[in-house]
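Let's take a walk through this one with the coordinates open. Keep the viewer handy and follow along.

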Amino acid sequence: MTSTPHRSPFRARLHGLAAALACAAFALSACSPESDDLAQRASNDGTNYVAGDGSVQEYAPGSRGEPVDFSSELFDGTDISGETFQDQVTVLNFWYAACAPCRKEAPDLQEIYEEFAPAGVEFYGVNTRDTQATAEAFERNFGITYPSMEDRTGEVLMSMTDYVHPSAVPTTLVLDTDGRVAAQIVGIVEPGTLRTLISTALEEGDAAETEAAGPQGVHG
């Protein structure tokens, strides 16, 4: 007698698990800032890789290196050089579109940019992997309005290896008004920390400007 094939409970469970994984994979292909599965990975229990740990390094004015010096081009064609970062506080954020922590921190970076823009603080992204179309899709998705430069060749990254490890993306740098690295955040930005670092750099710039002006214009 020929027995009728049947599915064991174990095989049935495997089949159900495979179907669930397929659905999850499909869900990753369409996301929004409100329900971004990649971004959610960046705040999970540690089972998925996240570059950096949010560690912060501040550099006292007397121990900072030379002003950053590299040439690049924004996605809109604008040329960037070391002179771009002079006389203003600047934030450089190294990112790429498929980076889970980059997606997690993107709304916070945009909010902080809008908050400090009236004080003359500039933000620039340094995109390490993406084509222009991919980078611009990310910016539209997360409402990013500050510009980014394309660095698939790694020229900018290699010029900043003292502060940015190639595998530690995102990394965010705060530059002082002389274009020197004043602070470094490796990993997801904590908004309050970044605000404090920017405010400190602004205060330093104001103090240096007042000192340079001297007593001129002060009347008894």
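This is a predicted model: local features need pLDDT of at least 70, side-chain atom pairs count only at pLDDT 80 or more; totals for chains, interfaces and linings use all residues.

First, some ground rules. Residues are numbered from 1 along each chain as its sequence is written, and side-chain values use heavy atoms, with hydrogens and water left out.

Let's start with charge. Side chains of opposite charge can pair when their charged atoms come close. Here a salt bridge means a side-chain nitrogen of Lys or Arg within 4 Å of a carboxyl oxygen of Asp or Glu. Searching the whole structure turns up 7 of them.

Go to Asp176, which pairs with Arg64 at 2.9 Å between the closest N and O atoms. This pair ties together distant parts of the chain, 112 residues apart: Asp176 sits in the loop between β7 (171-175) and β8 (181-186), and Arg64 in the loop between β1 (55-58) and β2 (72-73). Those element names come from DSSP runs, numbered from the N terminus, with helices being H or I of at least four residues and strands E of at least two. How accessible is Asp176? Its relative accessible area is 3%, so Asp176 is buried. Arg64, at 11%, counts as buried too. (The scale, with a 1.4 Å probe and protein chains only: buried is under 20% relative accessible area, exposed is over 50%, and partly exposed is in between.)

Through shared partners, salt bridges join Arg64, Asp176, Asp178, Arg180 and Glu204 into one network.

Arg195 bridges to Glu115, with the closest N and O atoms 2.7 Å apart. Again distant parts of the chain are linked, with Arg195 in helix α6 (residues 191-213) and Glu115 in helix α3 (residues 100-116), 80 residues apart. Arg195 is partly exposed at 22%, and Glu115 is partly exposed at 43%.

Next, the backbone. The peptide bond from Val169 to Pro170 is cis, with omega near 10°, and Pro170 is found in the loop between α5 (155-159) and β7. Asp87 has a positive phi, near 65°, despite not being a glycine. You'll find Asp87 in the loop between β3 (79-80) and β4 (90-95), where Asp87 is exposed at 70%.

Finally, the inside. On a 1 Å grid over the protein atoms alone, a cavity is a set of points where a 1.4 Å probe fits but cannot get out, and lining residues have an atom within 4 Å of a point. Points are joined across faces, edges and corners, and the volume is the space filled by probe spheres set on them. How many cavities of 30 Å³ or more are there? The count is 1, and the largest cavity has a volume of about 80 Å³. Its lining includes Asn93, Trp95, Cys102, Glu105 and Phe138. β4, α3 and α4 (132-142) each supply at least two lining residues, and α3 gives the largest share, 4 residues. By class, the lining has 7 nonpolar, 3 polar and 2 charged residues, where Ala, Val, Leu, Ile, Met, Phe, Trp, Tyr, Cys and Pro count as nonpolar, Asp, Glu, Lys and Arg as charged, and the others, Gly among them, as polar.

Key: On a 1 Å grid over the protein atoms alone, a cavity is a set of points where a 1.4 Å probe fits but cannot get out, and a pocket is an open set with protein on both sides within 12 Å along at least five of seven lines; lining residues have an atom within 4 Å of a point.
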